[in-house]
Structure formats: C-alpha cells, structure tokens
Amino acid sequence: MCRIFAGQDPERFRMVTRRVRLSGHSTSVCLEAAFWDALEEIAAMQGVSLGRFLSKLHDEVLARGVERRNFAGLLRCACLTYAQEVKGHRPCVEELEREARTDFAAVAAAGLPAGLPAPLHAAEKERETA
C-alpha cells in the first residue's frame, strides 16, 4: 500500500538549507529537496528567480498580518497548494502568470530590491546541506 511513498529516492527528502534574502534580511531556510524543486518550478512558471519569488511571497504574507515564524511551513503548504490546485489546471496557471506579470512588474518599476538569494558556491551549499 505504501510502496509509492516508501520507495522514494532518499534524495527527495534530504534536508537542504539555503540562504535567502527576505525583506532585505539574509536568513536560512531548511526544506526537503523535493520542496525546493517545487518552489523552483513555481518561480520559473512565474518568470522570476526563486529568491525574488520567496521575497515577494514573504512580503505578501506580512502584508496580510500572518505571523512569519514558520516560513518553512508556509513554503511546504505553498508547494502542496501548487500540486493540488494549480499544476495541470490551465485556468489556475494562467491566473498565476497574470498575477506574476502585474506584481513583479510593479516591484521592478518601483525600483525595489529583487530579493535575490545570497550566492552560494557548490562546496558551501553541499556543506550546508550535509
């Protein structure tokens, strides 16, 4: 019954820590590799870098008054929402693309920081994820 879940490649659930810039502050976020893959896919679908997507999401959550102490949990739930409600559903994909064009264009026009992730060399990244 659980073969599909238990038989996963262990690389998918390996913990990976990445340094990101949120609202101008550098921080670390630790997620399973599969969640980072999904977040990269979401950002690419919206035509922005992962860092820019995470920064925008973080800012929107703060604007809604949601507590930010569990940002990693919010990211995992965002991945689930994407998998369950967006991926493969063309109207949802089109809505996200439309929002991305509007939201990220407004950020660029205002000259606000893009929230790009702090660069990590492969060796540093590997050390952090080990």
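Me: How do I find where empty space is left?

Reply: Roll a probe the size of a water molecule over the atoms; it shows where empty space is left. In this predicted model, the largest pocket holds about 630 Å³ of space.

Me: Which residues lie nearest the centre of the largest pocket?

Reply: Look for Phe 53, Leu 57, Glu 60, Leu 96 and Glu 99. They belong to a lining of 21 residues.

Me: Which elements give two or more residues to that lining?

Reply: Three helices do: H3 (50-63), H4 (71-86) and H5 (90-110).

Me: How many nonpolar, polar and charged residues are in the lining of the largest pocket?

Reply: Count 13 nonpolar residues, two polar and six charged.

Me: What is the volume of the second largest pocket?

Reply: About 240 Å³.

Me: Which helices each supply at least two residues of its lining?

Reply: Helix H2 (33-45) and H4. The lining includes Phe 35, Ala 38, Cys 79 and Tyr 82. Arg 12 and Lys 87 are also among the lining residues.

Me: How does the lining of the second largest pocket split by class?

Reply: Seven residues are nonpolar and four are charged, with no polar ones.

Me: H4 came up for both pockets. Which of its residues are buried?

Reply: Buried here means under 20% relative accessible area. In H4 that covers Phe 71, Ala 72, Gly 73, Leu 75, Cys 79, Tyr 82 and Val 86. Of these, Cys 79 and Tyr 82 also line the second largest pocket.

Key:
Residues are numbered from 1 along each chain as its sequence is written. This is a predicted model: local features need pLDDT of at least 70, side-chain atom pairs count only at pLDDT 80 or more; totals for chains, interfaces and linings use all residues. Side-chain values use heavy atoms; hydrogens and water are left out. On a 1 Å grid over the protein atoms alone, a cavity is a set of points where a 1.4 Å probe fits but cannot get out, and a pocket is an open set with protein on both sides within 12 Å along at least five of seven lines; lining residues have an atom within 4 Å of a point. Grid points are joined across faces, edges and corners, and a volume is the space filled by probe spheres set on the points. Helices (H or I, at least four residues) and strands (E, at least two) are DSSP runs, numbered from the N terminus. Ala, Val, Leu, Ile, Met, Phe, Trp, Tyr, Cys and Pro count as nonpolar, Asp, Glu, Lys and Arg as charged, and the others, Gly among them, as polar. Buried means under 20% relative accessible area, exposed over 50%, partly exposed in between (1.4 Å probe, protein chains only).
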